[in-house]
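Okay, everyone, thanks for coming.

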Amino acid sequence: MNGLHILAEFHACQGDRRLLQDAALLAALCRRACAGAGLEVVAAAFHQFPAAGATGALVLAESHLAIHTWPELDAATCDLYVCNYSQDNRAAAELAYGVLCAELQPERIVRRDVVRGNPEQDHAEPGLTISERTQ
């Protein structure tokens, strides 16, 4: 089940503000990110909060992408898990993640990576990597 689970917080987003405010635009961004990475969307659900942000999820043949926005904080959170039994799709996860970053343009990112599906890995810290960067 080789996979990469990316958990990210995007702070001080400088991209098109409507991406944080409009569920339809957010859904289109998520679909573009997945399509560009060669990931197959099999279901989608997005919700617009009145006078606030949006939340949504894409179910992928390879797993899922969930995203939540807080326009009042210029922030979003992302949960992207990509896996596959027969191949390593970590590069696809990175491609999709890159599109989200490029469009939202966060000044600060807190990212946690969990490498999944490797039973040989040290179980004391099961693939957890935490990184923070400021652009």
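**Helix H2 and its surroundings**

So, helix H2, residues 23-36: 14 residues, reaching 20 Å from first C-alpha to last, close to the 20 Å expected at 1.5 Å a residue. Helices here are DSSP runs of H or I, at least four residues, strands are E runs of at least two, both numbered from the N terminus, and the expected span is 1.5 Å times one less than the number of residues.

Quick caveats: this is a predicted model, with local features needing pLDDT of at least 70 and side-chain atom pairs pLDDT 80 or more, while totals for chains, interfaces and linings use all residues. Residues are numbered from 1 along each chain as its sequence is written, and side-chain values use heavy atoms, leaving out hydrogens and water.

Which residues of H2 are buried? Ala-23, Leu-26, Ala-27, Leu-29, Cys-30, Ala-33 and Cys-34, where buried means under 20% relative accessible area, exposed over 50%, partly exposed in between (1.4 Å probe, protein chains only). Down the H2 axis they fall within an arc of 160 degrees, so they line one face; the arc uses directions from the helix axis to the C-beta atoms. Turned away from that side are the exposed Ala-24, Ala-35 and Gly-36.

Now the ends. Asp-22 caps the N-terminal end of H2, with a side-chain oxygen 2.8 Å from the backbone nitrogen of Ala-24. After H2 comes Gly-38, with a positive phi near 75 degrees.

And the cover over the buried residues of H2? It includes helices H1 (18-21) and H3 (90-104), plus strands S2 (41-48), S3 (54-60) and S4 (63-70).

Conventions: Contact means heavy atoms within 4.5 Å. A polar contact is a pair of N or O atoms within 3.5 Å; within protein, one must be able to donate a hydrogen and the other to accept it, and residues adjacent in sequence count only if both atoms are side-chain atoms.
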